[in-house]
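Q: Hi! I'm new to this one, could you walk me through it?
A: Happy to. Let's open it up.

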Amino acid sequence: MSGDTSLEWLRREGRIVIVGASLAGLRAAETLRKEGFAGTLTLIGDEPHEPYDRPPLSKQVLLGRAAAERTALPRRAALDAHWRLGVAATGLDMAAKRVRLADGDEVPYDRLLIATGVHARPWPNKAEARLDGVFVLRTREDAARLRRRLAASPRRVLVIGAGFTGSEIASACRERGLPVTVAERGEAPLVGALGGVVGRAAAELQRAHGVDLRCGIMVTALEGDAAGRLRQAQLSDGTALDADVAVVSLGASRNTEWLAGSGLGAGPRGIACDAGCRAFDVRGIVTDDVFVAGDVARSPHALFGYQFLSLEHWGNAVAQAETAAHNMISSSSQRRPHLWVPAFWSAQFGVNIKSVGVPSLGEEIVVAQGSLADHRFTCVYGYQDRVIAAVTFDQTKWLDFYRHQIESAAPFPPVYASVDHRPEGLRPVPAEFPDPSLPTHGPTVTVSGYSPTDQQLTFTPARTRSRA
């Protein structure tokens with residue numbers, strides 16, 4: 001067999017293993033089959049369920065409008081695959097090309113895709129975390145347990161952390177008519193993702209809907225009764241709060257612990273990979289048989305200064321999984337980069353919050369449409385005199401326009417007059433993001449909506465800052 005023929009066989013007929021049987025893993029497997037992979041395909045997942053959708057867990061499931069067990073992801077096509085569910089990967093031998101499993105088995109591969117995602121950060125005190133009434137929300141089981149507890153009408157719910165998930169949980173509680181207190185270490189909800197200007201508008205929105213929002217506050221202890229049931233939380237301002245349900249919403253940690261000692265460039269921030277989704281090893285050398293996709297990946301983006309971005313949301317997982325799968329079975333000349341304009345969405349307190357770009361990179365912000373006071377607006381973020389992101393509260397119609405502004409490196413502040421902006425006008429002010437050296441709550445949540453075949457990129461040199 002010639003060298004070229006051997007490589008073609010490896011691309012189309014070898015053994016591919018996907019570690020992570022959730023959204024990214026499923027969409028990668030479907031793409032592999034769609035694009036002609038005819039070899040052995042194995043999906044490994046630590047949960048006992050086939051892939052299911054996570055966004056409904058903090059929305060429809062908590063409100064009782066959907067059952068947790070009815071959130072399975074739709075299949076685009078039938079898969080001829082081996083499913084290893086309910087067993088976690090515990091190690092990777094890159095030299096022998098084997099994945100070690102918790103049950104002692106080893107699975108050989110020719111090419112490997114890692115799509116292990118993230119897990120919710122637990123309450124740090126293990127004894128307090130075991131109290132009856134303390135919850136996290138990440139899995140189907142988490143959502144089902146929390147829904148049952150909320151349906152039992154607790155006296156008060158404490159949400160620890162006001163990122164997107166925490167805010168959505170608080171919104172669901174208020175829609176159920178439950179008293180809810182939100183404790184947030186930052187100055188406002190969503191401040192780590194959207195900055196202080198928009199965060200203050202989010203705070204007003206929460207308080208207008210009856211949330212007891214306490215910012216600049218940390219929960220220092222959770223206390224239970226003699227039967228091990230949560231009864232009270234101690235706060236950093238010296239006060240105590242009676243609550244029989246606490247939901248810990250302190251962001252997520254990437255599932256990379258199983259890769260310790262593997263030689264792969266993996267750590268708490270994820271697995272570094274190139275724009276083609278190939279993983280880097282610990283020496284900074286790109287691998288050609290290990291790929292990464294989804295929440296666990298850290299990849300460079302040309303539109304955002306080639307910074308390595310770790311993005312945690314639905315559409316990014318799909319787009320990156322499709323790119324990784326395509327590149328796994330393609331020759332180098334046929335591979336493509338993972339180019340997308342990040343975007344996220346959230347529904348809370350009757351408002352649809354959507355965004356494009358990377359707001360957390362923004363230095364300044366302007367209110368381009370609407371008004372912060374009305375909780376209906378479009379804010380545009382600037383970085384090095386160009387438009388870097390836009391966030392909308394109930395103004396989705398502007399997203400496509402600002403996506404184009406980001407892609408074309410449009411100048412900031414915007415140079416056009418808006419037909420519906422209010423007194424805030426187009427005066428740039430600091431975006432007020434927290435000091436990046438300090439820990440924050442709430443991951444930046446993103447979603448992609450682009451087809452890879454439509455993506456184009458034009459390199460634009462950085463502008464010289466001229467504004468005082």
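Q: What does L194 touch?
A: Leaving out residues up to four places away in sequence, L194 touches F164, F344, P359, Y381, V391 and F433. Touching, or contact, means heavy atoms within 4.5 Å.

Q: And what am I looking at, a prediction or something else?
A: This is a predicted model, where local features need pLDDT of at least 70, side-chain atom pairs count only at pLDDT 80 or more, and totals for chains, interfaces and linings use all residues. Residues are numbered from 1 along each chain as its sequence is written, and side-chain values use heavy atoms, with hydrogens and water left out.

Q: Which residues touch the most other members of the largest nonpolar core?
A: V157, L194 and Y381 do, in a core of 72 residues. A nonpolar core is a set of buried (under 20% relative accessible area, 1.4 Å probe, protein chains only) Ala, Val, Leu, Ile, Met, Phe, Trp, Tyr and Cys residues joined through side-chain atoms within 4.5 Å.

Q: Which helix gives the largest share?
A: Helix α6, residues 191–208, with eight residues. Helices here are DSSP runs (H or I, at least four residues), numbered from the N terminus.

Q: New topic: is L146 buried or exposed?
A: L146 is buried, because its relative accessible area is 0%. L146 sits in helix α4, residues 140–151.

Q: What is L146 in contact with?
A: Beyond its neighbours within four places in sequence, L146 contacts L62, F135, V245 and V247. L146 and L62 are 84 residues apart in sequence, with their C-alpha atoms 7.1 Å apart in space.

Terms used. Buried means under 20% relative accessible area, exposed over 50%, partly exposed in between (1.4 Å probe, protein chains only). Helices (H or I, at least four residues) and strands (E, at least two) are DSSP runs, numbered from the N terminus.
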